[in-house]
Amino acid sequence: MSCILHIETSTPVCSLAVSENGQNIFVKEDLEGPSHAVSLGVFTDEALAFIDSRGIPLDAVAVSCGPGSYTGLRIGVSLAKGIAYGREVPLIAIPTLKLLCVPVLLYREMPEEAWLCPMIDARRMEVYTALYDRALEVKKEVSAEIIDESSFLDVLEERPVWFLGNGAAKCREKITHPNACFVEDIHPLAQMMAPLAERAFLDGQFVDVAYFEPFYLKEFIASQPKKLL
């Protein structure tokens with residue numbers, strides 16, 4: 001039995017959800033952002049009032065941990081840490097790129113051998129990306145990539161790759177291999193965090209509330225200056 005509050009603010013979309021035993025019982029989203037500083041506090045007050053009025057004890061807080069917008073992540077993680085500390089519950093960190101894959105796995109039919117390539121938009125033809133199989137096992141760690149006609153050719157020669165996220169659309173003209181499939185309108189949303197957060201909760205995969213920091217894009221850029229020039 002678990003009740004988890006989920007917070008997602010890594011992109012211009014701001015969303016919050018509450019799940020009980022892996023099923024969402026409360027969802028709030030603002031797709032018109034960025035307005036995290038205004039919307040998230042209101043969403044949180046409503047969510048906590050919702051579970052408190054029903055006598056549901058909060059067991060954990062899950063937050064999308066990037067890569068993503070510095071401002072968005074800072075707002076989301078700061079609030080998540082505050083709630084976890086104040087309610088004396090553990091904090092769960094969910095990788096944003098892995099979260100992007102969840103709606104595709106849940107609601108799309110895809111070949112067994114296909115890999116998922118979530119992309120978060122950066123400047124010009126740059127994206128932040130990783131590769132996962134259908135079990136969400138990491139096949140390529142998070143990296144910053146400048147997309148051109150040769151991007152992912154080695155993988156595409158071997159299997160279908162499904163590209164998704166707000167960085168994928170601008171890559172469609174460059175990645176034209178027949179094994180490339182582009183999935184539109186996929187956003188990292190709090191309501192999709194429940195399967196990942198529930199698994200982490202059951203496995204005891206928590207982060208330190210005091211010292212946890214998200215995966216900021218600007219820090220990733222600073223660590224790889226030569227690649228991005």
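Me: What links Phe-152, Phe-163 and Phe-182 into a cluster?

Reply: In this predicted model, ring pairs join Phe-152, Phe-163 and Phe-182 into a cluster, and a search of the whole structure finds 4 aromatic pairs.

Me: Why is the pair of Phe-163 and Phe-182 called stacked?

Reply: The ring centres of Phe-163 and Phe-182 are 5.1 Å apart, and a pair requires centres within 6.5 Å; their planes stand at 20°, and planes under 30 degrees apart count as stacked, so the pair is stacked. This pair links distant parts of the chain, with Phe-163 in strand 9 and Phe-182 in strand 10, 19 residues apart.

Me: How do you know whether Phe-26 is buried or exposed?

Reply: The relative accessible area of Phe-26 is 12%, and buried means under 20%, so Phe-26 is buried; Phe-50, with 18%, is buried as well.

Me: Why is helix 1 called roughly parallel to helix 2?

Reply: The axes of helix 1 (residues 36–53) and helix 2 (residues 70–87) come within 10 Å and cross at roughly 25°. Angles under 35 degrees count as roughly parallel, which means that helix 1 is roughly parallel to helix 2. Their crossing is right-handed.

Key. Residues numbered from 1 in each chain as written. Predicted model: local features only at pLDDT ≥ 70, side-chain atom pairs only at ≥ 80, totals over all residues. Heavy atoms only, no water. Axes fitted to C-alpha atoms, helices over the stretch in contact; angles between N-to-C directions. Helix = DSSP H or I, 4+ residues; strand = E, 2+ residues; numbered from the N terminus. Parallel < 35°, antiparallel > 145°, perpendicular 65-115°, else oblique. Left-handed = near helix turned anticlockwise from the far one by under 90°. Phe/Tyr/Trp six-rings, centres within 6.5 Å; stacked < 30°, edge-to-face > 60°. Buried < 20%, exposed > 50% of the residue type's maximum accessible area, 1.4 Å probe, protein only.
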